[in-house]
Amino acid sequence: MIERILYNGNIITQDEKEKRASAVAISNGRIIAVGMDDDILELATAGTKKENLEGQTIIPGLIDAHLHWQWTARSLTEVDVFEVPDKQVAVQRVAERVAMVVPGEWITGHGWSQAFWKDDSFPSAADLDPISPNNPVYLRAKSGHAIWVNTAALQVTGVTANTPDPEGGHIGRDESGNPTGILFENAIDLIFSKIPHPSVEEISMQMKAAQKLALASGLTGFHDFDGPVCFQALQLMRERGELALRVVKNINDPHIKHAHALGIRWGFGDDWIRIGGLKIFADGALGPRTALMVDHYEGEPDNYGIRVTDKEDMLQWVKTATLAGMPSTIHAIGDLAVRDVLDVYEAVRKVEAAHGIKPEQRRHRIEHVQIIHPADKHRLAELKIIASMQPIHATSDYIMADKHWGARSELAYNPRLQLDQGVMVAFGSDSPIDPFDPIPNIYAAVTRRRTDGTPNEAGWYPQNKITVAEALRGFTIGAAYAAGTEDRQGKIAPGYLADLVVLDQDIFKIPADELLETKVMATMVGGKWRYEGVMS
């Protein structure tokens, strides 16, 4: 029996057999048939629900291939310092939260970046101490690779002038060696590990709120890069019938040994929660200037960034994982970090070949690929590595990139380069680093401009623009391929999951400048309307 037929629509299928259609038949959470109204409506029986789309556009469900779900959900309750235009705005927002809590309670927030300030030097504990002498404050940088804390936080956690830098991390210090209140990379855990954390139950409640926003933006699934507690909360939602988004759960390197011990392989699970790959950090990020570079940062002859994970350790982890049935997905932002990861993958591909493992059986990824050295620009294609990229980072970061990488930025944030070589590209947002809403991401990819039109009408390095079709593919087919689900996600075709999004206009037929005006009217996951918006 056909449960539901959607007709009189403008359906963009992404299926080469039938690229456009007007109707789709759905049953048991799957697409049964796609075609024109007359043909599909003939399939209806007495119990079929028929819905007139009134000419609205349908696209396949959108998948965010890289975000931090627990972190995203938690940020909704934290102090909002996202891209504040001035340091004092952040301080004032913290002061407002201090007035609402009892002394001693931790105050957390996310999203500051000194790149948005007239004085682009790092802030310090001294900026926060006058307004929060009795409450420890922990504010994550927009990149997530640095934190800004006050003296109370340093005191509570025992970070002093005598605290050594951890491997792969750095404590900002003044001329006397005292902590300034800025900590980078692995040093973050010196503070983070001491903060009281919400229970799994509380996290699941935060996730329910985030899920509503995600569905309203057109997301039907995501690939997560947070830790085991996030996995627990997602499973709790699944048990209760509350999970309405499809999740690929990657496993960070401190925990991968447990997956290996249990014999868990890539793809374990079902179409709601399935296991992804091993996640490793090769380096830091551009914001705190910890991305690992071949040549030094502009104007900083002694700064080449931070190698977060030793190359030999990375190689051993990836070799062990691939022989245990798991691909790897490695964060690499700087060009030397990207080179290190490519070297690791090149060595691992040889191991795989010796064991009869084909590249499509181990879909290794590089997360971000934010800047690549000219000598390495062909290697992802040669090694059949997935480029997992975030288009909106180009427009968020272009001022920093121009300042700290200079002319090297032509090869930064550049999916055009990879697409032209036939590399599979999967798109995401890195939320909460940037918002998970896919439409602004698509706009950024197509225009290379911020929502306010900067830097100019042509866009930042306009030769690196991609098309709407390529951007949509990155959020659908590319993301599905990275998860190994391209046979049931990313298209509107018979046998595929009934995950789709209704838009108020055809994004293929409007000027690029009007993409931001596109509204999500409804989102379906598994044959059920999970967000109905204007259609309700």
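Where in the chain is the place of Arg450?

## Arg450, a buried charge

In this predicted model, Arg450 is found in the loop that runs between helix H15 (438-447) and helix H16 (468-474). Arg450 is buried and yet has no salt bridge, since the nearest side chain of opposite charge, that of Asp452, is 5.4 Å away, whereas a salt bridge would call for a distance within 4 Å.

The side chain of Arg450 does, however, reach the backbone oxygen of Ser396 at 3.0 Å. When neighbours within four places in sequence are left aside, the residues in contact with Arg450 are Phe116, Thr395, Ser396, Tyr398, Ile399 and Tyr443.

## Asn303, in another loop

Asn303 lies in the loop between strand E17 (273-281) and helix H10 (311-323). Is Asn303 buried or exposed? Asn303 counts as buried because its relative accessibility is 16%, and the cut-off for that class is under 20%.

A polar atom of the Asn303 side chain lies 2.9 Å from the backbone nitrogen of Gly305. Not counting residues up to four places away in sequence, Asn303 touches Arg289, His296 and Tyr297.

## A sheet of six strands

Six strands, in the order E9-E10-E11-E12-E14-E13, form an open sheet whose pairing is mixed. Its edges are strand E9 (79-80) and strand E13 (169-173), each of which pairs on one side only.

Within this order, strand E11 (residues 137-141) pairs with strand E12 (residues 146-149) in the antiparallel sense, over three bridges. Tyr138 has Val149 in E12 as its bridge partner. In general, the strands of a sheet pair through backbone hydrogen bonds, either parallel or antiparallel.

Note on methods
Residues are numbered from 1 along each chain as its sequence is written. This is a predicted model: local features need pLDDT of at least 70, side-chain atom pairs count only at pLDDT 80 or more; totals for chains, interfaces and linings use all residues. Side-chain values use heavy atoms; hydrogens and water are left out. Helices (H or I, at least four residues) and strands (E, at least two) are DSSP runs, numbered from the N terminus. Buried means under 20% relative accessible area, exposed over 50%, partly exposed in between (1.4 Å probe, protein chains only). A polar contact is a pair of N or O atoms within 3.5 Å; within protein, one must be able to donate a hydrogen and the other to accept it, and residues adjacent in sequence count only if both atoms are side-chain atoms. Contact means heavy atoms within 4.5 Å. Two strands pair if DSSP finds at least two bridges between them. Lys and Arg count as positive and Asp and Glu as negative; His and the chain ends are not counted.
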